[in-house]
Amino acid sequence: MSLRLLGTFEVSARAETGGARWGELPHSARRLVAFLGLHGTATRDFAAGSLWPDSSEAHAQADLRTTLWRAGRACPGLIVTGGPAMRLDSRVSVDVDELRALSRRLHVRRPAQAEDDGSWVPPRGVLLPGWYDEWVVAVRERVRQLQLHTLEAVAERQLARGAYGRALDLALAAVEYEPLRESSQRLVVRIHLAEGNLVEAVRAVRAFTELLWEEIQVRPSAEFTGLVELPAPS
């Protein structure tokens, strides 16, 4: 079973789940599932207060009970309850957890084989786009920064391996998330230079220099502009 929170909300399951109708989760149940996907184990009080912040405690708890019933009816076994706490079934893989796990592994000197051969890439996409609940907005920026750092870190490893195509795809994905992020733009230029594509490197330096000035009226750092020697304007 898997839960996707990046780019969209999607719950999927294999056939052995007994035919649970994963696509028919009501809106309130989707919110609860997403909340547990981000927070792991949560107490009923914490979940109720976060999901229904404008309701009284009694009403929030009643809404939570109704939501748990609806979720259990649509997707039996998806949410595990016990005492005051609840969580998703341990068989459910969450893409945000996969992103966090990869980030942790990148701090280990010997990466997993899947990372080493380039067959695994960080999950991409904005966290729950179109959701404006406070508990989503509070986490969204942290997840975005984690994505950016992870994309850059994996791209650096691919660059060191000489896998320039994979490295460039990852670096450009980071640029797409945040065009004004100099570290990602610098990585793109370094990959072009490693491939011997001087023209592409010069084009990337010029494009970022112009974008930075147009958007916030600042110049890139000397470290960035020093990557290539631009010809003086005629």
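This is a short tour of the chain, stop by stop, for you to follow in your viewer.

You are looking at a predicted model, where local features need pLDDT of at least 70, side-chain atom pairs count only at pLDDT 80 or more, and totals for chains, interfaces and linings use all residues. Numbering runs from 1 along each chain as its sequence is written, and side-chain values use heavy atoms, with hydrogens and water left out.

**Whole chain**

Start with the cartoon view: the chain has 10 helices and 6 strands (DSSP runs numbered from the N terminus, H or I of at least four residues for helices, E of at least two for strands). Of its 234 residues, 41% are buried, meaning under 20% relative accessible area, with exposed over 50% and partly exposed in between (1.4 Å probe, protein chains only). The accessible surface comes to about 12800 Å², and 51% of that belongs to carbon and sulfur atoms (Shrake-Rupley method, 1.4 Å probe; for residues, only the protein chains shown count as cover). Take the contacts (heavy atoms within 4.5 Å) between residues at least 6 apart in sequence: 62% of them join residues at least 24 apart.

**Arg31**

Now select Arg31, in helix α1 (residues 27-39). Arg31 counts as buried because its relative accessibility is 10%. Its side chain reaches the backbone oxygen of Leu51 at 2.7 Å. Show the surroundings too: beyond its neighbours within four places in sequence, Arg31 is in contact with Leu51, Trp52, Trp131, Asp133 and Trp135.

**Helix α8**

Next, colour residues 182-195. This is α8, with 14 residues and 20 Å from its first C-alpha to its last, close to the 20 Å expected at 1.5 Å a residue (the expected span is 1.5 Å times one less than the number of residues). Its buried residues include Leu187, Val188, Val189 and Ile191. What do the buried residues of α8 pack against? Bring up α6 (134-161), α7 (164-177), α9 and α10 for the answer. Just after α8, click on Gly196, which takes a positive phi of about 85°.

**Salt bridges**

Side chains of opposite charge can pair when their charged atoms come close. The structure holds 11 salt bridges (a side-chain nitrogen of Lys or Arg within 4 Å of a carboxyl oxygen of Asp or Glu).

Arg186 is buried at 19% relative accessible area, and Glu182 counts as buried at 18%.

Salt bridges that share partners also join Glu141, Arg144 and Glu178 into one network. Within it, Glu178 and Arg144 pair with their closest N and O atoms 3.4 Å apart. Glu178 sits in the loop between α7 and α8 and Arg144 in helix α6, so the pair ties together parts 34 residues apart in sequence.

Then select Glu156 and Arg190, which meet in a salt bridge at 2.7 Å, N to O. Glu156 is in helix α6 and Arg190 in helix α8, so this pair ties together parts that are 34 residues apart in sequence. Both ends are partly exposed: Glu156 has a relative accessible area of 33% and Arg190 one of 31%.

**Surface patch**

Finally, switch to the surface and highlight Leu180, Ile216 and Val218, which make a nonpolar patch of about 210 Å². Patches are made of residues with over 30% relative accessible area and no salt bridge, with like charges joined within 9 Å and nonpolar side chains (Val, Leu, Ile, Met, Phe, Trp, Tyr) within 5 Å. Val218 lies in the loop between α9 (198-216) and α10 (222-225), and at 35% relative accessibility it counts as partly exposed.

Terms used:
Polar contact = N/O pair within 3.5 Å; in protein donor to acceptor, adjacent residues only side chain to side chain.
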